[in-house]
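Me: I have a fold open on my screen. Walk me through reading it, feature by feature.

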Amino acid sequence: MAGRSGRRTHADRVLQHLRRQTKPLSAYQILEGLRGEGVNAATTVYRALEQLLSAGRVHRIESLNAWTVCCNPNHTETPVFEICEHCGGVTEHVDARLAESITALSNLSGFKPEHPVIEIRGRCGACRADSQTI
Ligand SMILES: [Zn+2]
Ligand SMILES: [Zn+2]
């Protein structure tokens, strides 16, 4: 995070760790990965994730109970995640028109979404291509 110069916060460590992954990680997987770097408590990881979530740097994939790095920080639209049930990979998409429709729906009912994410499960292009060659 934008901490004081040269000083890495736990949020920095969590973000960097997530960036090195090809799949979303649970908080406990993050904790396991960062034990060697002085992160020793689940509450530390959760606090860092909350900070990163508020800053728009990560997303929480509810159906996987896992966290992933935002592909395009600073977007305000609701992201759409394609979740491959075969390889566990996720792909983030942001579609302005879809996001507008969702906002319109929420405005109609006076609903205030908190960090909304749309999740679609299935099989990614790479896995589909693999299965077709067998
Ligand atoms: Zn995002
Ligand atoms: Zn896949």
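Reply: Start with what counts as an element. Helices are DSSP runs of H or I with at least four residues, and strands are runs of E with at least two, numbered from the N terminus. Keep in mind that this is a predicted model.

Me: How many helices and strands does the protein chain have?

Reply: Five helices and five strands. From the N terminus on, their order is α-α-α-β-β-β-β-α-β-α. The C-alpha atoms fill a box of roughly 50 × 40 × 25 Å along the principal axes. Of the 134 residues, 17% are buried.

Me: Next, helix packing. At what angle do helix 1 and helix 3 pack?

Reply: The general idea comes first. Two packed helices are described by the angle between their axes and the distance between the axes. Here helix 1 (residues 10-19) meets helix 3 (residues 42-54) at about 80°, and the axes lie 9 Å apart. That makes helix 1 roughly perpendicular to helix 3.

Me: Which residues of helix 1 and helix 3 meet?

Reply: Helix 1 brings H10, A11, V14 and L15. Helix 3 answers with T44, V45, A48, L49, Q51 and L52. By class, this contact has seven nonpolar residues, three polar ones and no charged ones.

Me: Which residues of the largest nonpolar core touch the most other members?

Reply: The core has 14 residues, and V14, L18, V45, A48, L49, L52 and W67 touch the most other members. Helix 1, helix 2 (27-34), helix 3 and strand 2 (66-69) each supply at least two residues of this core. Take L18 as a case. Leaving out residues up to four places away in sequence, L18 touches L25, V58, W67, T68 and V69.

Me: Now the strands. In which sense do strand 1 and strand 2 pair, parallel or antiparallel?

Reply: In general, strands of a sheet pair through backbone hydrogen bonds, either parallel or antiparallel. Strand 1 (residues 58-61) and strand 2 are antiparallel, with four bridges. I61 stands opposite A66 in strand 2. The two strands form a hairpin with four residues between them, and N65 in the turn has a positive phi of about 50°.

Me: What is the strand order in the open sheet of three strands?

Reply: The order is 4-3-5, with mixed pairing. Strand 4 (90-94) and strand 5 (118-122) are at the edges with a single partner strand each, so one side of each has no neighbour in the sheet. Neighbouring strands are turned by 20° against each other on average, direction ignored.

Me: One last number. What share of the contacts with a separation of 6 or more joins residues 24 or more positions apart?

Reply: For the protein chain, that share is 52%.

Terms used: Residues numbered from 1 in each chain as written. Chains lettered and ligands numbered in written order. Predicted model: local features only at pLDDT ≥ 70, side-chain atom pairs only at ≥ 80, totals over all residues. Axes fitted to C-alpha atoms, helices over the stretch in contact; angles between N-to-C directions. Parallel < 35°, antiparallel > 145°, perpendicular 65-115°, else oblique. Contact = placed C-beta atoms within 7 Å. Nonpolar A, V, L, I, M, F, W, Y, C, P; charged D, E, K, R; others polar. Core = buried A, V, L, I, M, F, W, Y, C linked by C-beta atoms within 7 Å. Buried ≥ 20, exposed ≤ 12 C-beta atoms within 10 Å, placed from the backbone. Pairing = 2+ DSSP bridges.
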